[in-house]
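Student: Could you walk me through how to read helix packing and charged pairs in a model?
Tutor: Gladly, let's look at it together.

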Amino acid sequence: MLFSELNLHQQVLEGTKAAHFESCMPVQEKVLPVTIEGSDVMVQSKTGSGKTAVYVITFLEKYLRNKEKGINSSCLIIAPTRELAQQICDDAMILCSKVEGFHIGVFYGGVGYEHQRKLLQMGCDMYIGTPGRLLEFMEHRELDAKRLDTFVIDEADRLFDMGFFPDVKRMFRMLPDRTQRQTLLFSATLEMRVRDLAWEFMNDPEEIDLEPDHITVESITQELYHVAKSDKFQLLLQLLAQDKPEFALMFTNSKHMAEELCARLRHNGYNADYLTGDLPQNQRQRALDKLKEGKTSILVATDVAARGLQIDDLPLVVNYDIPEDYENYVHRIGRTARAGKSGKAITLADEEFVYGLEAIEKYIKMKIPVIWPDNLPEVEDQSVGKSWRVRPERPQRTQKAQAQGRARKPENKSASKKEEQTKKQNKSKYSSDRTNTKSLGAMSDKERMEYYRKKYGFEPKKKPEAPEKKVQKPQKPQPVVQEEKPKKIGFFKRLFGRRK
């Protein structure tokens, strides 16, 4: 089906042409006719199936129809990660480029509040972000939830796995009634929590099951190499030298391994960068922009980038570590072969993470082809014996900050004169000592102490004289006077007294 066959507004069709969309993908062909009519849907579709265009086009069509009637419409889209929220914003900017007066705002944590509060004050037609920051604005009445007539939940299963299930339920309770809004829910798997949420808060949603997410894309060439952990990086260098990919995305299970792998690749001449969850948002966005602009050839990431990261024409994905969660394998390799294109996924199985391989093959219902590392080019590892620590890049100062510089304190002329005088005195005081260092070194200890006494004008402390000892004359021994013992008095004498 072509987009022109759908009953879309002319400005929306022009936006699809700007995004180079001609024919609909399966999820777009099945869902768009239902959502354009205003029905609620819960859709099961795999990663990279083109569902972002579904809910963006649906709301743009609704926005333009209501605008002709004099009705204002606004949409709220939530995503599990900041990268996915930014990616949705970028795609929506292209699709709405031909719609006049349409404003989009993206909201997520990890950055300041000032810019996002300005967007709220100006007013947006489409709000995109993560649940935490959006819910905070809604609770503080900075974002009026009652004006939202369209609610989109993207990657619902991922949201719930990350612990956002209570936040999503709170957002539902703050929105208008189910009959007064349209809700679109997209998930890789329609598990019980997703269905319970749909039945509780959605208005008789139509369930659309497309190709499940656990079925891998057929156009991805999967390869598995069994290798010792000590030889894994050497094998990676040989594979890169053989395939020579223009861009590559590599996944590790920990941020420390991501930093180490990035540093070793840099030592071997590759323009690499890394992306982990604890990096500041501006540094994470800078790493993604460098890869998309071609300034970086290899991006090493943890599972924080497994979903929502869209890189056009990404030819290679490498699982440097086998994921501990078997579902993440599909999300990782799904970064390549997007929009019907082909790609390659290489997995390195070492003795530490090989135990997760069985669960992955059971989940994807196939055996990953094992390749033996034969006839690979010989490559020398330049990172042996070097430090693998990556120093974080310093954020570049803006032109405004460079122009302003640091605010200097007002000069006090009287204070500055006093400081200059004290500096001159100190210089004159210690200059002679500096010139006499050679002569002082040749002096003996006694001579040096005499020099210091004369130089600084102090006398050595005199030892306190010992007091004269008085000779005591021997005293004559005095006779010892013995005390008389009291005489004993009888009982009757004490009782009746003595007789005269």
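**Charged pairs and helix packing**

Tutor: This is a predicted model. At 11% relative accessibility, Glu361 counts as buried.

Student: Which residue forms a salt bridge with Glu361?

Tutor: Side chains of opposite charge can pair when their charged atoms come close. Here Lys367 is the partner of Glu361, with the closest N and O atoms 3.1 Å apart. Lys367 counts as exposed, at 64% relative accessibility.

Student: How many salt bridges does a search of the whole structure find?

Tutor: The search finds 17. One of them joins Asp303 to Arg332, the closest N and O atoms being 2.8 Å apart. Asp303 lies in the loop between strands E11 and E12 and Arg332 in helix H13, so this pair ties together parts that are 29 residues apart in sequence. Asp303 is buried at 19% relative accessible area, and Arg332 is buried at 0%.

Student: Which residues are linked in a network of salt bridges?

Tutor: Glu139, Asp167 and Arg170 are.

Student: Now the helices. At what angle do the axes of H2 and H3 cross?

Tutor: Two packed helices are described by the angle between their axes and the distance between the axes. For H2 (residues 26-35) and H3 (residues 51-68), the axes cross at roughly 20 degrees and come within 9 Å. That angle makes H2 roughly parallel to H3, and the crossing is right-handed.

Student: Which residues make the contact?

Tutor: H2 contributes Val27, Gln28, Val31, Leu32 and Thr35, while H3 contributes Lys51, Ala53, Val54, Ile57 and Thr58. By class, six are nonpolar, three polar and one charged.

Note on methods:
Residues numbered from 1 in each chain as written. Predicted model: local features only at pLDDT ≥ 70, side-chain atom pairs only at ≥ 80, totals over all residues. Heavy atoms only, no water. Axes fitted to C-alpha atoms, helices over the stretch in contact; angles between N-to-C directions. Helix = DSSP H or I, 4+ residues; strand = E, 2+ residues; numbered from the N terminus. Parallel < 35°, antiparallel > 145°, perpendicular 65-115°, else oblique. Left-handed = near helix turned anticlockwise from the far one by under 90°. Contact = heavy atoms within 4.5 Å. Nonpolar A, V, L, I, M, F, W, Y, C, P; charged D, E, K, R; others polar. Salt bridge = Lys/Arg side-chain N within 4 Å of Asp/Glu carboxyl O. Buried < 20%, exposed > 50% of the residue type's maximum accessible area, 1.4 Å probe, protein only.
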